[in-house]
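Me: I have a structure open on my screen and would like to learn how to read it. Could you walk me through it, one feature at a time?

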Amino acid sequence: MTDCIFCKIVAGDIPADIVYDDPEVLAFRDIQPQAPVHVVIIPKRHIVTLNELTPADAALVGRMFLAAQQIARDLGVAESGYRTLINCNRDGGQYVMHVHMHLLGGRFMEWPPG
């Protein structure tokens, strides 16, 4: 998708502070962090929202969660705790229309979140 900022990051057209990269998943630091650790984890293949996932995407979604686990360990928040969050569509807080997961850590996470 040519106008998707995350697809441009995957293509290398827009620089990002990459913290994880495998054949299917990419993760980078959020440019407007909401916690000391704030990473965005995306599938490299463009999928607009959670609503577009199919059963064939189950392994990809699992890879995103395994990437989050590895990133949390690498960035030192696995033991103290972290939050993963996926927003869906505008009312759910999704502003970049490419499925993505936020990993937040490095501070106590309040509840309810929003």
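This is a predicted model: local features need pLDDT of at least 70, side-chain atom pairs count only at pLDDT 80 or more; totals for chains, interfaces and linings use all residues.

Me: Where does Asn-89 lie, and what is its phi?

Reply: Helices (H or I, at least four residues) and strands (E, at least two) are DSSP runs, numbered from the N terminus. Asn-89 lies in the loop between S4 and S5. Its phi is positive, about 65 degrees, although Asn-89 is not a glycine.

Me: How many helices and strands are there in the chain?

Reply: The chain has 2 helices and 5 strands. Along the sequence they follow the pattern α-β-β-β-α-β-β. For overall size, the radius of gyration is taken over C-alpha atoms, and the globule rule is 2.2 Å times the number of residues to the power 0.38. Here the radius of gyration is 14 Å, close to the 13 Å that the rule gives for 114 residues, so the chain is as compact as a globular protein of that length. Its C-alpha atoms fill a box of roughly 35 × 30 × 25 Å along the principal axes, and buried residues make up 36% of the 114 residues.

Me: Which residues form the aromatic pair?

Reply: In general, rings of Phe, Tyr and Trp (its six-membered ring) pair if their centres lie within 6.5 Å; planes under 30 degrees apart count as stacked, over 60 as edge-to-face and the rest as tilted. This structure holds 1 aromatic pair. Its partners are Phe-6 and Phe-28, with ring centres 5.5 Å apart and planes at 65 degrees, so the pair is edge-to-face. Phe-6 lies in helix H1 and Phe-28 in strand S2, so the pair ties together parts that are 22 residues apart in sequence. Phe-6 is buried, at 7% relative accessible area, and Phe-28 is buried too, at 5%.

Me: Helix H1 also holds Lys-8. What is Lys-8 in contact with?

Reply: Contact means heavy atoms within 4.5 Å. Leaving aside neighbours within four places in sequence, Lys-8 is in contact with Thr-2, Asp-3, Asp-13 and Ile-14. Lys-8 is partly exposed, with 31% relative accessibility. Lys-8 and His-38 are 30 residues apart in sequence and 20 Å apart in space, C-alpha to C-alpha.

Me: What volume does the largest pocket have, and what lines it?

Reply: On a 1 Å grid over the protein atoms alone, a pocket is an open set of points with protein on both sides within 12 Å along at least five of seven lines, and lining residues have an atom within 4 Å of a point. The largest pocket has a volume of about 690 Å³. Of its 29 lining residues, the closest to the centre are Asp-30, Gln-32, Gln-34, His-38 and His-102. By class, the lining has 16 nonpolar, 8 polar and 5 charged residues (Ala, Val, Leu, Ile, Met, Phe, Trp, Tyr, Cys and Pro count as nonpolar, Asp, Glu, Lys and Arg as charged, and the others, Gly among them, as polar). H1 supplies the largest share of the lining, 3 residues.

Me: Which residues does the cis peptide bond join?

Reply: That bond joins Trp-111 and Pro-112, with omega about 5 degrees. Pro-112 is found in the segment after S5.

Notes:
Residues are numbered from 1 along each chain as its sequence is written. Side-chain values use heavy atoms; hydrogens and water are left out. On a 1 Å grid over the protein atoms alone, a cavity is a set of points where a 1.4 Å probe fits but cannot get out, and a pocket is an open set with protein on both sides within 12 Å along at least five of seven lines; lining residues have an atom within 4 Å of a point. Grid points are joined across faces, edges and corners, and a volume is the space filled by probe spheres set on the points. Buried means under 20% relative accessible area, exposed over 50%, partly exposed in between (1.4 Å probe, protein chains only).
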